[in-house]
Amino acid sequence: MELWFTENHTDSVRFSIKIKRHLVSEQSEFQKIDILDSEELGRILVLDGFLMLTEKDEYIYHEMITHVPMSVNPEIKRVLVIGGGDGGAVRELCRFKSIEHIDLVEIDRRVVELCREYLPFTACSLDDPRVHIHYEDGLKFVRRAENEYDLIIVDSTDPFGPGEGLFTKEFYGNCYKALNDTGILVNQHESTFYDEYAQAMKRAHERIKSFFPIALVYQTHIPTYPSGQWLFGFASKKFHPVKDQNAEWWLSQGLKTKYYNQYVHSGCFALPNNVRDVLAGRV
Amino acid sequence: MVLKDNKDSDELGDSLNNCQLSTVNCQLNQDRAPLYEAMREYQNNRVVKFDVPGHKGGRGNKTLTGFLGESALKNDVNSMKPLDNLCHPVSVIKEAQELAADAFGAANSLFMVNGATGAVQAMIMSVCKAGDKIILPRNVHRSAINALVVCGAIPVYVNPGVNGELGIPLGMMPEEVELAIVQNPDAKAVLVNNPTYYGICSDLQKIVEIAHRHGLLVLCDEAHGTHFYFGEGLPINGMAAGADMAAASVHKTGGSLTQSAILLMADTVNPDYVRQVINLTQTTSASYLLMVSLDLARQNLALHGKEFYAKTVEFAEYARREINAIGGYYAFGSELCNGRDFYAFDTTKLSVHTRAMGLAGIEVYDLLRDEYDIQIEFGDIGNILAIITGGDRALDIERLVSALSEIKRLYGRSPVGLFDHEYINPTVDMPPQAAFYAKRVSLPINETAGRVCGEFVMCYPPGIPILAPGERITRDILDYIAYAKEKGCSLTGPQDMNVEYLEVVE
């Protein structure tokens with residue numbers, strides 16, 4: 001017998017992974033949570049049928065969503081992570097000794113609990129004393145914060161389901177308010193390859209641009225995400241991600257990474273035309 | 001998370017028990033849905049259609065079928081023996097109406113396919129003939145005054161109380177109702193808003209007691225009060241308070257399709273006469289989509305209404321607390337109850353006063369839609385109203401609160417210079433019918449002060465007339481209209497679509 005997990009990347013494009021064992025299948029208050037074990041990609045987290053991470057390539061996503069902003073402002077001390085209950089982003093942040101305080105806001109307690117049990121490779125730093133976990137709606141949490149954070153990382157699911165509030169204008173405006181005057185906002189920014197993601201990506205970018213003087217997009221490739229080409233947003237009140245890159249400081253931290261390095265940092269902001277055209281409204 | 005979309009199994013078990021309790025007063029089996037069952041059977045029989053509607057189950061209009069879905073088009077059928085006839089119900093519609101009467105605690109009920117507007121007009125036209133008097137608060141919906149234009153009844157207005165700070169009309173004082181009755185002993189009925197659009201209730205039981213003591217009937221406009229019949233801890237509903245008739249707009253907060261409503265009657269009213277009155281103006285091709293939605297909404301409310309409205313109140317109270325915590329906004333609630341003209345408050349309503357933040361309600365209403373993709377029910381000069389039900393999601397409530405917080409941060413300003421007068425009690429010089437059908441002239445609106453108005457002027461929503469036919473136009477009222485126009489309120493009523501001219505009595 002063969003067991004395969006299939007994710008629909010669009011209505012007519014599918015991506016399948018051969019599964020060894022189905023470890024968890026649970027309907028939480030907010031979503032369906034599945035954890036699978038596969039031959040090729042290791043353990044896999046799936047929410048509402050959408051693949052969130054695999055053990056094999058999660059490092060690309062988590063390094064790129066954290067090391068890029070950290071390399072721009074060595075003074076980052078207080079960080080807010082919204083979503084990201086798997087702990088991957090927090091794991092990377094905890095590697096920086098300069099960070100003093102991390103608030104992790106995850107709406108679904110069960111995601112954190114199950115990841116602690118089944119995905120220790122991402123959840124391994126959730127017990128770091130600097131990490132404070134809040135099981136709350138991200139939109140609600142950030143609404144109450146003012147001038148409090150150096151960095152906000154939006155590690156959200158897609159713009160439908162429990163994560164949809166994290167792609168709205170009111171959310172980005174509240175993030176702007178919650179950041180101090182050197183604050184940086186980094187967000188999971190979908191992709192432009194398939195039309196339904198492209199529209200969400202474009203709207204989110206326009207909304208962020210309306211609040212932040214600096215708002216750029218950077219890309220990476222994540223083999224298990226739809227199209228493999230994936231984007232992040234970098235928005236800031238002061239720092240330019242490339243002009244203000246502090247490679248010397250990052251190298252001085254002595255962090256061993258599997259994907260990110262100082263060359264990738266400047267290169268990832270060089271966007272191919274298929275992304276530039278969507279951002280410029282040419283398609 | 002304070003709010004929960006799903007209850008855990010223990011809580012669900014409790015609420016199921018409560019549901020059984022809530023139907024304890026019902027005599028009939030509320031699990032039944034006779035019209036729905038008959039329509040399903042009709043579909044199963046695969047009847048060949050040589051009757052109207054001409055789209056023939058959707059095959060004749062592919063685009064419409066694609067848009068609304070095959071099931072909607074297949075169920076868009078016409079009266080026939082197995083499906084009964086709303087004009088003369090003898091079988092499944094009659095049974096569905098009996099179940100509705102039972103669920104609402106009424107002696108009889110009639111399904112309406114022209115909204116609560118149709119039901120309000122049916123109430124008035126059933127108890128008043130030309131020249132008869134009816135006592136009503138001036139802040140009624142236009143449908144009530146429309147009925148007076150049609151049937152020629154004479155309004156005796158009881159001026160509602162006004163909350164000056166919020167600029168909104170309130171309920172009626174029982175002693176003022178009694179005074180109006182004593183001064184007009186020939187009046188036939190009292191009409192009461194239960195509640196107003198803003199969620200404010202008069203002392204309905206007291207008004208019923210006074211009216212009945214003087215031999216008058218009591219009619220309740222419950223366009224915004226369907227949930228009073230099924231929720232707990234809400235203001236008293238018309239039938240429970242002893243009213244004789246009530247118009248329940250089930251589509252607004254009860255879950256049926258837009259335009260459907262139920263007219264409720266106590267045993268003091270002859271339902272067959274009321275049906276005759278309704279048949280004077282109601283379509284003979286009543287939509288089965290609307291009627292079956294009433295049958296299923298009634299079933300759902302009878303079985304699960306208590307739970308649904310408990311969730312509604314939980315959402316609304318949460319939103320009120322969060323909005324008040326932002327500062328600048330005032331989401332008002334039961335704390336304003338004064339035992340008088342603000343006798344009770346409908347806690348499912350989320351009414352928010354915005355003027356202290358320097359923005360007119362209509363401006364906040366427009367910003368929410370244009371900038372944040374959030375559509376609320378209405379905005380007037382000083383307030384906004386969001387309709388909350390158990391059909392909402394916690395994350396959507398968070399979006400509304402967060403967007404209001406952003407609007408304050410980005411657009412808030414000093415309230416200086418904002419118009420601070422909302423509701424103006426008008427002077428009535430002529431009965432509505434006489435003024436509407438009088439010889440009229442069209443004048444530029446600014447030259448009409450002092451004249452008697454021949455038509456309606458209102459902001460829609462909420463649809464409460466600023467001017468009704470027969471009322472004296474004043475400078476204050478014209479200023480109010482100009483201000484509402486400038487702020488972007490949608491003004492309706494006059495013949496002149498741009499509201500630059502008004503028809504006045506010659």
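## Exercises on a predicted two-chain model

**Exercise 1.** In this predicted model, find which residues Val218(B) touches, leaving aside those up to four places away in sequence.

*Solution.* Starting from Val218(B) and passing over residues up to four places away in sequence, one finds contacts with Ala189(B), Val190(B), Val192(B), Ile207(B), Val208(B), Ala211(B), Ala243(B) and Asp244(B).

**Exercise 2.** Describe how helix H5 and helix H13 of chain B cross.

*Solution.* First locate the helices, H5(B) at residues 92–104 and H13(B) at residues 288–326, whose axes come within 10 Å and cross at roughly 35°. The crossing is left-handed. Next, list the contact: H5(B) brings Ile93(B), Ala96(B), Leu99(B), Ala100(B) and Ala103(B), while H13(B) brings Met291(B), Asp295(B), Arg298(B), Leu301(B) and Ala302(B).

**Exercise 3.** Work out what makes up the side of chain A that touches chain B.

*Solution.* Begin with the count, in which 18 residues of chain A are in contact with 17 residues of chain B. On the chain A side, helices H5 (138–143) and H6 (169–178) each supply at least two residues, and H6(A) gives the most, with 6 residues. Finally, this side of chain A divides into 5 nonpolar, 4 polar and 9 charged residues.

Technical notes
Residues are numbered from 1 along each chain as its sequence is written. Chains are lettered from A and ligands numbered from 1 in the order in which they are written. This is a predicted model: local features need pLDDT of at least 70, side-chain atom pairs count only at pLDDT 80 or more; totals for chains, interfaces and linings use all residues. Axes are lines fitted to C-alpha atoms, for helices over the stretch in contact, and angles run from 0 to 180 degrees between N-to-C directions. Helices (H or I, at least four residues) and strands (E, at least two) are DSSP runs, numbered from the N terminus. A crossing is left-handed if the near helix is turned anticlockwise from the far one by less than a right angle, and right-handed if clockwise. Two residues are in contact if their C-beta atoms, placed from the backbone, lie within 7 Å. Ala, Val, Leu, Ile, Met, Phe, Trp, Tyr, Cys and Pro count as nonpolar, Asp, Glu, Lys and Arg as charged, and the others, Gly among them, as polar.
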